[in-house]
Amino acid sequence: MQAILSVIIAVTSIVLIVTVTSMESEQAGLGTLDGSVESLWGEHTGASKKEKLNKIVTISAIIFVLSLLILLAIQ
């Protein structure tokens with residue numbers, strides 16, 4: 001049981017890291033130096049990508065915390 005929870009914790013931590021680093025910043029930053037506003041997802045679909053990433057972060061964070069608490073309770 002501890003090995004399964006450890007694997008779940010490792011996978012969810014990787015998912016969290018990858019998802020958070022793939023999120024676009026709310027600030028303009030250096031990305032606006034060329035003057036383009038459109039992202040890779042198109043002009044109007046940025047909100048849907050942002051919403052999907054937020055859901056992935058929320059769900060994986062909940063799974064991460066729950067598995068940590070269960071692992072703590074087992075030990």
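This is a predicted model: local features need pLDDT of at least 70, side-chain atom pairs count only at pLDDT 80 or more; totals for chains, interfaces and linings use all residues.
Me: What makes up the secondary structure of the protein chain?
Reply: The protein chain holds 2 helices and 0 strands. Helix H1 covers residues 2-22, and helix H2 covers residues 46-74.

Me: How do you know what share of the contacts in the protein chain join residues at least 24 apart?
Reply: Contact means heavy atoms within 4.5 Å. Counting contacts between residues at least 6 apart in sequence, 95% join residues at least 24 apart.

Me: Why is Thr19 called buried?
Reply: Buried means under 20% relative accessible area. Thr19 has 6%, so Thr19 is buried. Thr19 is part of helix H1.

Me: Which residues does Thr19 contact, leaving aside neighbours within four places in sequence?
Reply: They are Leu53, Ile56 and Val57.

Me: Why does Ser60 count as buried?
Reply: The limit for buried is under 20% relative accessible area. The value for Ser60 is 5%, and therefore Ser60 is buried. Ser60 belongs to helix H2.

Me: What does the side chain of Ser60 reach, and what makes that a polar contact?
Reply: The side chain of Ser60 reaches the backbone oxygen of Val57 at 3.2 Å. A polar contact needs a pair of N or O atoms within 3.5 Å, with one able to donate a hydrogen and the other to accept it. The distance of 3.2 Å falls within 3.5 Å.

Me: Which residues does Ser60 touch, not counting those up to four places away in sequence?
Reply: Ser60 touches Thr12, Val15 and Leu16.

Me: What makes Ile59 exposed or buried?
Reply: With a relative accessible area of 52%, Ile59 passes the limit of over 50% and is therefore exposed. Ile59 lies in helix H2.

Me: Why is Leu71 called buried?
Reply: Its relative accessibility is 13%, under the 20% limit, so Leu71 counts as buried. Leu71 sits in helix H2.

Me: Which residues does Leu71 contact, apart from neighbours within four places in sequence, and how far is its C-alpha atom from that of Ala3?
Reply: Leu71 is in contact with Gln2, Leu5, Ser6 and Ile9. The C-alpha atoms of Leu71 and Ala3, 68 residues apart along the chain, are separated by 9.6 Å.

Me: Which residues make the nonpolar surface patch?
Reply: Met1, Ile62, Val65, Leu66, Leu69, Ile70, Leu72 and Ile74 make the patch, of about 790 Å². A residue in a patch has over 30% relative accessible area, and Met1 has 64%.

Me: What does UniProt list for residues 56-74, and what is the chain there?
Reply: The unreviewed UniProt entry lists residues 56-74 as "transmembrane region". In the model, that stretch is 100% helix and 0% strand, and its end C-alpha atoms are 27 Å apart.

Terms used:
Residues are numbered from 1 along each chain as its sequence is written. Side-chain values use heavy atoms; hydrogens and water are left out. Patches are made of residues with over 30% relative accessible area and no salt bridge: like charges are joined within 9 Å, nonpolar side chains (Val, Leu, Ile, Met, Phe, Trp, Tyr) within 5 Å. Accessible areas come from the Shrake-Rupley method with a 1.4 Å probe; for residues, only the protein chains shown count as cover. A salt bridge is a side-chain nitrogen of Lys or Arg within 4 Å of a carboxyl oxygen of Asp or Glu. Helices (H or I, at least four residues) and strands (E, at least two) are DSSP runs, numbered from the N terminus. Buried means under 20% relative accessible area, exposed over 50%, partly exposed in between (1.4 Å probe, protein chains only). UniProt positions are given in the numbering used here, feature names are shortened, and annotations may be inferred rather than shown by experiment.
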